[in-house]
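Please look over the structure below. The report that follows covers helix packing.

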Amino acid sequence: MGFAQLIEDHKQEILVRWKEMVRTLRDARRLSEESLENHVPHLIDWLVVKLRERDEADVRGSQMLSREHAFQRVGDDFDLVEVLVELSILRDVLLSLWVEEPGGVSPTEVLYLSRDLDDVVTICSTEFARQVLARHGASPQATQAMGH
């Protein structure tokens with residue numbers, strides 16, 4: 001079957017599990033359903049494509065989704081820890097699905113998924129920090145020095 005297919009087949013279940021767990025976070029409790037989901041469904045779709053088409057998948061797509069997610073979470077007054085926790089929860093939900101249905105998923109696919117999510121976390125946290133610094137009057141040089 002492969003990890004991409006497993007994720008695709010269980011996308012709605014993944015979102016439900018993720019939302020239930022994220023709703024326990026202080027900053028997420030007050031968000032509407034739409035704001036909570038944010039770009040996560042699109043991120044899941046991108047992960048499926050990335051798992052299927054390692055070298056062909058649009059890397060800029062994940063960068064854009066990660067930056068948009070960070071930008072929205074700054075606007076939602078999340079703190080960085082909760083942004084990182086919600087991405088960690090997504091990883092946990094995806095890996096839990098694999099543990100529940102391991103057939104046809106190779107260890108290499110699990111490694112790839114983990115690396116792809118690491119990239120998302122890096123971009124999202126960098127952009128989040130950059131936005132918070134800018135909001136508090138940091139110079140463009142200071143925010144650009146953060147990389148990516």
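Which residues does Asp116 touch, not counting residues up to four places away in sequence?

## Asp116

This is a predicted model. Asp116 touches Trp46, Leu47, Lys50 and Arg54, leaving aside residues up to four places away in sequence. Asp116 sits in helix H7. Its relative accessible area is 3%. The cut-off for buried is under 20%, so Asp116 counts as buried.

## H4 against H7

Helix H4 spans residues 40–52, and helix H7 spans residues 107–135. The two pack at an angle of about 135 degrees, and their axes lie 10 Å apart. H4 is therefore oblique to H7. Their crossing is right-handed.

On the H4 side, the contact residues are Leu43, Trp46, Leu47, Lys50 and Leu51. They meet Glu109, Tyr112, Leu113, Asp116, Leu117 and Val120 in H7. By class, this contact of H4 with H7 has eight nonpolar and three charged residues, with no polar ones. Asp116 is one of the H7 residues here, and Trp46, Leu47 and Lys50 are among the residues Asp116 touches.

## H4 against H6

What angle do the axes of H4 and H6 make where they cross? Roughly 50 degrees, with the axes coming within 13 Å. Helix H6 covers residues 80–100. This makes H4 oblique to H6. The crossing of H4 and H6 is right-handed.

Val40, Leu43, Ile44 and Leu47 in H4 meet Leu87, Leu90 and Leu94 in H6. By class, the contact of H4 with H6 has seven nonpolar residues, no polar ones and no charged ones. Leu43 and Leu47 of H4 take part in the contact with H6 and also in the contact with H7.

Conventions:
Residues numbered from 1 in each chain as written. Predicted model: local features only at pLDDT ≥ 70, side-chain atom pairs only at ≥ 80, totals over all residues. Heavy atoms only, no water. Axes fitted to C-alpha atoms, helices over the stretch in contact; angles between N-to-C directions. Helix = DSSP H or I, 4+ residues; strand = E, 2+ residues; numbered from the N terminus. Parallel < 35°, antiparallel > 145°, perpendicular 65-115°, else oblique. Left-handed = near helix turned anticlockwise from the far one by under 90°. Contact = heavy atoms within 4.5 Å. Nonpolar A, V, L, I, M, F, W, Y, C, P; charged D, E, K, R; others polar. Buried < 20%, exposed > 50% of the residue type's maximum accessible area, 1.4 Å probe, protein only.
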